[in-house]
Amino acid sequence: MAFVDESTAALYREAWDAWSKQIEHVHRVFLGDEKLKPEQLKGLLNRESRAKEKYEAARLKLEGAIMKVVDEQ
C-alpha cells in the first residue's frame, strides 16, 4: 500500500536524486582528489545547498502526506 500519491513520491525521488548527485560531487572534492578553483567550489556548494533545500521541502511534503494517512487510520 502506497502512503502517498505518485506526484509526491516522484517529487521526493527527483529531489533526493538531485541532492545525492551534488553531495557526491562535494565528497569527491573534499574527500577525494578532485580539485576545483575557488569560484567553482563556491558554485558547487551553492548547487548542493539549493538541492538540499529542495530535498528538505519534498521530504516534509512526503512526511506530511504519510502522517495524514496514518492519522486517518
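Helices (H or I, at least four residues) are taken as DSSP runs and numbered from the N terminus, and Leu60 is found in helix 2. The model is a predicted one, in which local features need pLDDT of at least 70 and side-chain atom pairs count only at pLDDT 80 or more, whereas totals for chains, interfaces and linings use all residues. Residues are numbered from 1 along each chain as its sequence is written, and side-chain values use heavy atoms, with hydrogens and water left out.

A pair of aromatic rings is described by the distance of the centres and the angle of the planes. Rings of Phe, Tyr and Trp (its six-membered ring) are paired if their centres lie within 6.5 Å, with planes under 30 degrees apart counted as stacked, over 60 as edge-to-face and the rest as tilted; the count by this rule is four aromatic pairs. Trp19 and Tyr55 form a stacked pair, at 5.1 Å centre to centre and with 15 degrees between the planes. This pair links distant parts of the chain, since Trp19 lies in helix 1 (residues 6-30) and Tyr55 in helix 2 (residues 38-72), 36 residues apart. Both Trp19 and Tyr55 are buried, where buried denotes under 20% relative accessible area, exposed over 50% and partly exposed the range in between (1.4 Å probe, protein chains only).

Leu60 and Tyr12, which are 48 residues apart in sequence, are 9.3 Å apart in space, C-alpha to C-alpha. Leu60 is classed as exposed because its relative accessible area is 51%. Val70, whose place is also in helix 2, is classed as partly exposed because its relative accessible area is 39%.

Technical notes
Helix = DSSP H or I, 4+ residues; strand = E, 2+ residues; numbered from the N terminus.
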